[in-house]
Amino acid sequence: MLSHLSAALLLPPRRLLSSSPRTLTGACSLLRGSRRMEPAVVRCLPGEPKLTISFRLDGSNKHMLRDQDEALGKVLSRISNNIAKGQGKAKKKTKRIKGQQPSCEAPEPTVVKLYCGGGGGGEVADTVLNSEAWQDGAVLQVGDVKYSVQRNAPTFTNAELPASLMAEFPVCPNLELEFGNLQDCEFTWHKENTPNTSPEAAAEAPAEDGGWTEVGCGRVHVPSNQDIGHRLKLRCTPKDGERSGQVKELISVGAVEAGPGVCTFDNRHAYTIKEAEWPSARVMSYNILADVYAQTELSKTVLYPYCAPYALQLDYRLNLIKKELAGYNADVICLQEVDKAVFTDSLTPTLDAFGLDGVFRVKDKQHEGLATFYRRSKFKLLSQHDIMLSEALSSEALHSELLERLSVNSALKEKTLQRSTTLQVSVLEDLNKPDRKVCVANTHLYFHPKGGNVRLFQMGVALKHLSHVIREVAPGAPLIFCGDFNSLPNSGVFQLLSEAEVPQQHADWSSSGPEESCRMELLSDFPPLLSACGQPAYTNYVGGFHGCLDYIFIQPDSMQVEQVIPLPSHQEVTTYEALPSVAHPSDHIALVCDLRWNP
């Protein structure tokens, strides 16, 4: 490529820079001053037919989409012609206003040139293809204005602040970055000097210079009570190492609002101020209540009538969820009932800022699913082995015996195979000791109170699949099995996990009535597992029900429980009658524990 460019610089005399000392000095000075010039941002990727050229001229943004294999001269001519057209229209408009006859004379063409960067600063020939001409550090001259070409510079392709901001709750922008590294980027937060509590007024008010005070730096900012009533502004500088791109400014739509005061998780955070130390790992399981369920008429009038309507709104609950998750400093987080958009636009950017990467598995034909996050300084994701339980049961030879036994009752078989219940399986590697691996499973079993028999078959499939994955992919790796199992401690599912077998006499085999009964003995593919957080009185507390439905199961021969983070007190849970509430974002309570993983 450089040889083509060098050859292209052998131009006719009219296109060459003069070799006089004065002119050469000017060229060098032009290049030395390029860092202070306005940028001309070029996006050009191999394999793509087009490139884009963006710069600002006379107060307006210019954005050009051109073929990579087009000659440079055509682009420069187009820029010059567009400027001439704009000038001609402006002159005609001025003369019409003054009552003068418009002139037929064509405006003087604007000189547009591109100079290569480095050393000589020679002019790039018109015949050079765009893909080769627009190099990083080149200089674009448009009339008297000069631009420093930034080719594939770090760029925010998407940047936005959350719609709802609350004092004492973390604020993290949703950012998408191209050609850069989020860990290298720079962030400064500013508070509006004049309070503005009206969202309508805030949207109309200009962000005047001098109207903002710097209040923090870093990707995450926690507004204080002194910020209530003020908008926030974030200046983001995209970077890749020492290389920087164009600064992006974000201004919040509304002002910071007052928080709810003490939340159910605040006292719990006192136990998790520091991260767990190796070889321990902090593990969390939490059903965060999907927005698709929280906003139904049934939820508002029957399930959670005691909850203030604004506290069921997603923007409000997300403030609480993000603060709660961040405050536990967990190394592995398994979440259930995660909306697609919540994972992408809210949890991923926030938890990424706190050092966690995540994977998502949506339920078939649903808008919510399972998410597993892991601390990237401690773990590496080796592989994923997610399945839809009903699909695996009906199609994989591994489960043929279980399917045959289920087929004895056609009604129960049909009900079981209609479920979209998913099992998310992630094999993680310990970065401190790469030969140590762990299998993390996450699920949300069938919800119906009379669905104990369906859940038993679902768990049978899950355990068989997990045993197969560990045997084939990570022999000897311990299992951490998290989730909302929708199963009380006296259920068949709990017995299968904790005792490794369920007898055919268990009541759950006929949980939905005699017509869907299917009695059998079911054995686990694992030795008895341990519920790391025990059997709390409840992990789900709503107006008409409370009970223990959520668990973190481990293999006690390879992991020991070092610490169980105490659940909120009954008084905290019932302060606003039940869950969710203005102080708690879900109808479930998070389980958090520190597990010592044998080195």
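Predicted model: local features only at pLDDT ≥ 70, side-chain atom pairs only at ≥ 80, totals over all residues.

Me: Where does Val302 sit?

Reply: Val302 is in helix H7, which covers residues 297-303.

Me: And is Val302 buried or exposed?

Reply: Exposed, because its relative accessibility is 53% and the cut-off for exposed is over 50%.

Me: OK, now inside. Which residues touch the most other members of the largest nonpolar core?

Reply: That core has 44 residues, and the ones touching the most other members are Leu423, Met459, Leu466, Leu479, Phe481, Phe485 and Leu497. Among the elements that give two or more residues to the core are helix H13 (452-473), strand E21 (422-430), strand E23 (479-484) and helix H14 (492-499). H13 supplies the largest share, 10 residues.

Me: What is Leu466 in contact with, leaving aside its neighbours within four places in sequence?

Reply: Leu423, Val425, Cys439, Ala441, Leu479, Phe481 and Phe526. There's also a second, separate core of 42 residues, including Met166, Cys263, Tyr304 and Val573.

Me: Switching to aromatics. How many aromatic pairs are there?

Reply: The structure holds 14. One of them is Phe481 with Phe485: the ring centres are 5.2 Å apart and the planes sit at 70 degrees, so this pair is edge-to-face.

Me: Are Phe481 and Phe485 buried or exposed?

Reply: Both Phe481 and Phe485 are buried. They also belong to one aromatic cluster together with Phe494, Tyr551 and Phe553.

Me: What about Tyr538 and Tyr541, how is that pair arranged?

Reply: Tyr538 and Tyr541 are edge-to-face, with 4.8 Å centre to centre and 65 degrees between the planes.

Me: Why does Tyr538 count as buried?

Reply: Because Tyr538 has 11% relative accessibility, and buried means under 20%. Tyr541 is buried as well, with a relative accessible area of 12%.

Me: Let's zoom out. How many helices and strands does the protein have?

Reply: The secondary structure comes to 15 helices and 31 strands. Of the 599 residues, 52% count as buried.

Me: And what share of the contacts with a separation of 6 or more is between residues 24 or more positions apart?

Reply: Such residues account for 71% of those contacts.

Me: Last one: what does the accessible surface come to?

Reply: About 27,500 Å², and 51% of that belongs to carbon and sulfur atoms.

Terms used:
Residues numbered from 1 in each chain as written. Heavy atoms only, no water. Helix = DSSP H or I, 4+ residues; strand = E, 2+ residues; numbered from the N terminus. Buried < 20%, exposed > 50% of the residue type's maximum accessible area, 1.4 Å probe, protein only. Core = buried A, V, L, I, M, F, W, Y, C linked by side-chain atoms within 4.5 Å. Contact = heavy atoms within 4.5 Å. Phe/Tyr/Trp six-rings, centres within 6.5 Å; stacked < 30°, edge-to-face > 60°. Areas by Shrake-Rupley, 256 points an atom, 1.4 Å probe, with all protein chains shown as cover.
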